[in-house]
Amino acid sequence: MLIATAGNGSSADSTPSPSLPGPASAAPSADSGDTARHWWRDAVIYQVYVRSFLDTTGDGIGDLAGVRTGLPYLKKLGVDGIWLSPCYPSPQHDHGYDVADYRDIDPVYGDLAEFDLLVADAHRLGLKVLLDIVPNHCSSEHPWFRAALADGPGSPARSLFHFADGRGVDGELPPNNWRAMFGGPAWSRVKEAGSASEAPTGQWYLHMFTPEQPDLNWRNPAVAADFEDVLRFWLDRGVDGFRIDVAAGLFKHPELPDSPDPAADERTRDSVNPLAWNQPEVHQVWRDWRALCEEYTARDGRDRLLVGEVSVRTPSEQAAYVRPDELHQAFFFHLLTARWDIDVFRRVITEALTDIAGTGSTVTWVLNNHDQVRTVTRYATEPGGGVEGIAAGPGGGLGPARARAAALLMLALPGAAYVYQGEELGLPEVVDLPDEVLTDPIYHRTGSRQHIRDGCRVPLPWSGHASPFGFTNGTDAARPWLPQPDWFAEHATDRALADTRSFWHLYREGLQLRRSLPQLGEGTLRWLDSPPQVLAFVRGDGLVCAVNFGTEPVSAPAPGLPLLASGDCPAGTLPGSTAAWWMHAPDTQ
């Protein structure tokens with residue numbers, strides 16, 4: 001019998017709750033019928049930040065051939081597929097999220113032939129391949145934008161973007177007061193062709209990130225038509241779907257009015273401005289893209305996946321993006337941004353399973369990605385973590401233990417999950433990179449290190465005791481594009497594979513159990529009564545997961561030794577900052 005205690009000591013209701021409506025009990029998706037096809041509903045996808053994964057050419061930058069080399073490693077880890085960061089031709093002002101050509105591969109990463117080999121090798125290993133698509137903006141070096149600059153005001157080329165006359169006597173003020181997410185005004189003024197002035201005196205164009213990333217105007221049907229062709233280009237090459245950048249963007253308020261809080265995006269580094277994000281028209285784009293994916297699925301029976309980067313305020317708003325005829329999934333960032341607090345974790349999980357799974361989709365859980373401080377460091381700096389400020393070393397305090405516990409929690413939840421490269425190695429954030437090596441446009445636009453993302457993008461350590469740790473075979477003149485600290489040796493892949501107590505083995509064992517136990521993956525979740533600071537739930541027929549958010553040991557919610565634990569877990573005890581899974585007969589009382 002499951003042990004029921006006096007409550008969890010939180011503000012949440014501590015009485016046993018009914019099963020939350022996980023995917024198995026939700027409405028079927030639009031293309032249901034052959035449910036065995038829907039690999040994405042409980043898939044675990046590994047995010048590959050290509051330039052930091054593995055370098056085979058010796059230039060200090062990872063490449064597609066390096067990803068191919070690493071596929072057996074990822075297969076052994078136990079993931080179901082990979083998501084590739086943008087590898088299109090790009091001037092790399094934002095490391096590929098400024099796309100100059102959506103139908104090719106940047107030479108720094110390889111070429112289309114190498115991409116085709118990667119897809120073929122992945123499929124032979126049973127791994128899916130998702131490609132990052134960037135529809136909100138392109139590069140200022142994209143042929144469309146170059147034509148817009150050359151053709152001048154009122155031209156068809158300018159209608160593909162948001163060009164507008166400025167305000168003020170001579171148009172010297174931006175068209176509105178919006179600020180860019182990466183810092184500074186969201187508008188830049190251009191120098192018109194043929195102008196005698198050396199200064200820019202022409203129209204202004206909108207860029208919600210950087211001037212090198214002009215926002216596309218999705219109110220022009222030509223934009224939608226071109227992106228349909230782009231999707232077909234890559235689907236015809238065998239990709240299994242797309243991760244969609246800035247999926248709540250695309251459309252802006254048609255009148256481009258002033259914002260009551262113009263600095264909100266810049267202040268939060270998030271999509272907050274209600275006039276620039278989450279406009280209702282965007283949902284028709286996702287209906288069209290979903291229909292296109294289903295067209296390909298109807299041809300060969302292979303599901304194609306659309307997973308969106310949907311940054312909205314509430315789970316209920318996110319649910320609108322994963323209705324049966326829109327995106328298949330959207331990253332649930334509310335778990336990623338949750339502080340290490342039992343009440344917060346329980347609330348966001350409950351909201352996700354109520355709002356997101358209630359649409360017929362599955363929740364897409366994520367703890368790390370290429371834009372966020374890694375959990376090992378993030379959790380160490382939160383209350384009770386034992387670290388003041390962000391540690392410059394390889395992690396400290398309770399950060400690693402909490403990160404391990406959070407990983408087991410995520411893998412036990414109903415739905416899908418994404419793992420960011422290096423997460424399985426327990427990599428901390430590199431927070432003391434010298435100013436002169438920083439590449440993040442946030443730093444270069446603001447002069448501030450706050451919110452910069454280079455620290456989670458440092459190239460992976462594969463082997464050895466000194467940089468480049470097997471990442472590249474280059475000479476001293478071609479060091480890794482971001483420097484690796486000496487303490488990366490503690491997290492190198494060769495050490496992780498040899499140490500059965502490493503993060504890597506925890507992830508691998510969790511993924512193996514997730515695939516072998518019918519209680520995990522899709523299904524429902526039922527909360528259990530638990531001691532204060534313990535979050536406990538049961539999956540299916542007797543799989544118990546519990547996380548001790550406190551620092552002191554408590555009685556385990558099930559007898560015997562756990563199937564898997566994030567740390568030492570004696571029978572009958574759940575230590576602090578630890579998660580564990582038990583198999584136990586269901587309560588018959």
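Strand S14 (residues 543-548) and strand S18 (residues 578-583) pair over six bridges, in the antiparallel sense. In this predicted model, Cys-545 stands opposite Trp-581 in S18. Strands of a sheet pair through backbone hydrogen bonds, in a parallel or an antiparallel way.

Now widen the view to the sheet around this pair. Five strands make it up, and the sheet is open. Their order is S12-S13-S14-S18-S16, with antiparallel pairing. At the edges stand strand S12 (525-527) and strand S16 (564-565). Each has a single partner strand, so one side of each lacks a neighbour in the sheet. Helix H9 (residues 342-356) packs on this sheet. H9 touches S12 and strand S13 (534-539). The direction of H9 makes about 30° with that of S13.

Next, go to strand S7 (residues 241-244), where the pairing is parallel. Strand S3 (residues 128-133) pairs with S7 in the parallel sense over four bridges. There, Leu-131 stands opposite Phe-242 in S7. S7 also pairs with strand S8 (residues 305-308), again parallel and over four bridges. In that pairing, Arg-243 stands opposite Val-307 in S8. Look at the side chains of S7 too. Gly-241 and Arg-243 point one way, while Phe-242 and Ile-244 point the other way. All four residues are buried, Arg-243 included.

Turn to the largest pocket. It holds about 1,100 Å³ of space. Its lining consists of 43 residues. Closest to the centre are Thr-268, Arg-269, Asp-270, Thr-337 and Gln-372. Two helices, H8 (333-336) and H10 (375-380), are the elements that give two or more residues to the lining. H8 gives the most, with three residues. By class, the lining has 17 nonpolar, 14 polar and twelve charged residues.

The last stop is Trp-481. This residue lies in the loop between helix H12 (441-446) and helix H13 (493-498). Is Trp-481 buried or exposed? Its relative accessible area is 14%. The cut-off for buried is under 20%, so Trp-481 counts as buried. What is Trp-481 in contact with, leaving aside its neighbours within four places in sequence? The partners are Tyr-49, Arg-51, Ser-52, Gly-60, Ile-61, His-95, Thr-439, Arg-457 and Pro-459. Take Thr-439 from that list. Thr-439 and Trp-481 are 42 residues apart along the chain, and their C-alpha atoms are separated by 9.4 Å.

Definitions and conventions:
Residues numbered from 1 in each chain as written. Predicted model: local features only at pLDDT ≥ 70, side-chain atom pairs only at ≥ 80, totals over all residues. Heavy atoms only, no water. 1 Å grid on protein atoms, 1.4 Å probe; cavity = no way out; pocket = protein on both sides within 12 Å on 5 of 7 lines; lining within 4 Å. Points joined across faces, edges and corners; volume = space filled by probe spheres on them. Nonpolar A, V, L, I, M, F, W, Y, C, P; charged D, E, K, R; others polar. Pairing = 2+ DSSP bridges. Contact = heavy atoms within 4.5 Å. Axes fitted to C-alpha atoms, helices over the stretch in contact; angles between N-to-C directions. Buried < 20%, exposed > 50% of the residue type's maximum accessible area, 1.4 Å probe, protein only.
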